[in-house]
Amino acid sequence: MIDIEPTYKPEEYEKKWYSYWLEQNLFDAPVDPNKEPYTILMPPPNVTSQLHMGHGLGYTIQDLLIRWKRMSGFNACWLPGTDHAGIATQMMVEKQLEREGTSRKELGREAFVKHLENWKEKYGGLILDQFKTMGFSCDWSRLAYTLDEELSEAVRHVFVELFNQGLIYRNERLVNWDTVLKTAISDDEVETKEINGHLWFYRYPIEGEKDSYIKIATTRPETMLGDTAVAVNPEDERFKHLIGKQVRLPIVDRLIPIVGDDYVKSEFGTGAVKITPAHDPNDFEIGKRHNLPFLVVMNDDGSMGGDIPEKYKGMDRFKARKEILKDLKNLELFDDEKAYKHAVPHSERSKTVIEPKLSMQWYVKMKEMAQPAADAARNGEISFYPQSWQKTYLYWLDNIQDWCISRQLWWGHRIPIWYCQDCESITTGMTDPTECSHCNSKNIKQDEDVLDTWFSSWLWPLSPFGWPQDKEQKELNYFNPSDVLVTGSEIIFLWVARMVMANIKFKNRLPFKHIYFNATVVDKKGRKFSKTLGNGIDPLEVVEKHGADAVRFTAISLAPLGGRVMMEVSDFENGARFVNKLWNASRFILKYYDEKTQLKPLKDLELQAYDHWLLSEYQTVLEKVNQNLSNYRVNEAVDSMYHFVWGALCDWGLECSKGNLNENSETKDKSLSVLVYLLDGCLRLLHPVMPFITEELWQKIPVHPDLEKGASVVTAEYPVKSAKFDETQATQWATVQDLITKIRSARQTAGIPPKVDLSVSIKCENDLVDVFSNASQWIKQLAKVSTVTATTENVKLKQSLTQVGKGYEIFIPVADLIDIEAEKTRLENEKKRLGKVLMGISKKMENKSFMDRAPQDVIEQTKAQFQNISSQIDSVERNLKGLNG
């Protein structure tokens, strides 16, 4: 007997086996020319991150794929790493300094950066330790960090290369300004929110015309201090005569022109628009078209500044809004205020309202790099899962704007640009200069800004593999391109598309072959998890309660290809139940194994029909799992595993084997030979999903003569083919099993207790008579039947229940077992209920509009429902007829 604890205790096994795997270097993937590589790049989490359910799902899917391919003979490399996360990390540390009563300005740049580095060393590895708790099999020897020396060198190399090619330039443009973080952020880091705001109406006096005004409407009155024109549509009859005239800007007392511009929509507001080129993207374009002045009237922190009345200087923008409206009322120029729902951009990080602001920034020209990245998608060189994301990817690339890469932060890769204070030239290079490259002056100063975090992240397929330092590039050429990128759809622009562009630009090839966008995790009401709603799930708390395997299994089983994963804490009980089922099934099988047991090759055994069926089902599940994993239908793969283990192996295999396992040694050994073979296969099959329990059990099971066994299931061969089986016997057993299931169903529906033996007569086709007769022992045992009769003749039994299968009909006399009249009443009611359901489905199918517009899968599902309900009605009618007979 192989001793296994009565209950599975994950806390006792998880640390033990993860330490063992690391000690044996089982996750390491050195370059091996004799093995085909399979590579996944971990989307590097921010060093500020802690494990959340989104991580739990996305990274578990990656680990599933990497373990599957490792067991399938590939040199599987899962590259781990973290991102320095410029904005997020600096924001977190600045808040900490604020609590301590100081600030980054007081510390100074050098001391502040040192403080950040210390913070990162203390807290930055927390999420990686949490990954180990989940059992993730990364190649930890390759752990990378975007501020590592080698990766930083790659960042600098790319900046210098692009600058020298004229693809990086500096320009003054309107940017998304975060007034809390005091930095520019990209369009992709802005989230637009619908708010209930106001539209304010007031007038500007027309110069030289007494009591003549032009009325404007705006949602941002505070920006009027920077107005340099009023624009109207040149075709608007109300204003044509005013084009070319001037108005006197109230409060500021500045003359500004009235211009005609096709952009202006006559139907919006009053038809006249105030133009503030330095603080609105549309006004910026109008300002360029009409050569208007660009007046910046806000400071970096969102307070008012610049050439404005002294009263407003230093005043917060929203306070200034109220003051300006009050002053306009005092000047008797204010007309009206209306409720107005409109979209307002907010910073994804600080959550503050974004302020469009004219600012000098560094940019990358993107159109040239975007074209080959788009071509690769159109040509099918990159595959998207789900395919629908290709359209989104292409739309962004086809409409791409230049990338603002400078950030007004201190944490990150400082821009490698030096400005000469004497000749005003720019110097850059791979090493820090000591003098101007143009005039040799030593009076040079480095740019204060850092690069956008994504400027290092877009090199993730390249920089961790020694590029560009390693001239031979053995590592890079072996692992790049990687096989699949598993990530969230929200960073398709910020990261995914940019990696494609960078890899093509610098290596003339794609960074990965497939892109799998994992599903979004939401609650049962379809809401994203958030602290505000209090609906989040902490995966580590669930791991502590149920173990990592239960969390992994549940998360994957709920995750369809694309779409959303609706999840709540109670769902993880399903995973825990399956873990326990596997543990108990293994205990049951192995308790019969002792020192006398002799496992034999299955080809040498005379197997039972149900053995052939089990092996046939095993072959089917192997095909389904490998095919579904290849197509990233991970939930379907896991569902197939679950149904084979719980349904085929436990519900049928173990039940059928119980008698044999208690018999003489030869019969017992024959059953154990089949069961140990299948158990070993199930542990291999499940290992990528549930690594800890499968390792613990696999180490305990004996070696089967049909299978090779190494030091760990981590590197065991993944099953793709079952031992040979007789298809005819497998098919026959499937029919027997169907018959047993129908007898059980009839018993349950009629409310006949399991302890009551039934008598069963079967009218069947000629070739099934022997099948059912030979299987009578199993029918009696598994359906709790006393007598079984199979015949081709008509069966006439009074007051019997009936069930119909393929090629047979079952008759079960019940006159002495149930209340016949009560059962007939129940059946009549059920017939009426089913009839109403069928009528509803029928009307839907007769609805031409529905049939024309509904997706094909919905139509097929509706037809299947119709057939199912029709079959149920037929069964009810047969039973009514049988009970009346």
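**Entry 1: a strand pair**

I began with strand E14, residues 355–364, and found that E14 pairs with E16 in the antiparallel sense over 2 bridges. I then looked up one of the residues involved: Val364 has Trp403, in E16, as its bridge partner. I note here that I am reading a predicted model.

**Entry 2: the sheet around that pair**

Next I asked in what order the strands of this open sheet run. The order is E6-E5-E14-E16, which makes 4 strands, and the pairing is antiparallel. I looked at the edges and found strand E6 (183–185) at one and strand E16 (403–404) at the other. Each of these has a single partner strand, so one side of each is left without a neighbour in the sheet.

**Entry 3: a salt bridge**

I looked up the salt bridges and got 54 from a search of the whole structure. I picked out the one between Arg407 and Glu189, whose closest N and O atoms are 3.5 Å apart. I then checked where the two residues sit in the chain. Arg407 belongs to strand E17 (residues 406–407), while Glu189 lies in the loop between E6 and strand E7 (190–205). The two are 218 residues apart, and I noted that the pair links distant parts of the chain. In general, side chains of opposite charge can pair when their charged atoms come close.

**Entry 4: helices H10 and H11**

I turned to helix H10 (residues 367–378) and helix H11 (residues 389–398), whose axes are 9 Å apart. Their packing angle is about 155°. An angle over 145 counts as roughly antiparallel, and H10 and H11 are therefore placed in that class. I recorded their crossing as left-handed. Which residues meet? From H10 I listed Ala370, Ala373, Ala374, Ala377 and Arg378, and from H11 Gln390, Tyr393, Leu394, Leu397 and Asp398. Sorted by class, this contact has 7 nonpolar, 1 polar and 2 charged residues.

**Entry 5: helices H18 and H20**

I ended with helix H18 (residues 609–630) and helix H20 (residues 665–686). Their axes come within 11 Å and cross at roughly 10°. Angles under 35 degrees count as roughly parallel, and H18 and H20 are therefore roughly parallel to each other. On the H18 side I noted Tyr610, Asp611, Leu614, Leu615, Tyr618, Val621, Leu622 and Val625. These meet Ser671, Val674, Tyr677, Leu678, Gly681 and Leu685 of H20. By class, I have 11 nonpolar, 2 polar and 1 charged residues for the contact of H18 with H20.

Methods
Residues numbered from 1 in each chain as written. Predicted model: local features only at pLDDT ≥ 70, side-chain atom pairs only at ≥ 80, totals over all residues. Heavy atoms only, no water. Pairing = 2+ DSSP bridges. Axes fitted to C-alpha atoms, helices over the stretch in contact; angles between N-to-C directions. Parallel < 35°, antiparallel > 145°, perpendicular 65-115°, else oblique. Left-handed = near helix turned anticlockwise from the far one by under 90°. Contact = heavy atoms within 4.5 Å. Nonpolar A, V, L, I, M, F, W, Y, C, P; charged D, E, K, R; others polar. Salt bridge = Lys/Arg side-chain N within 4 Å of Asp/Glu carboxyl O.
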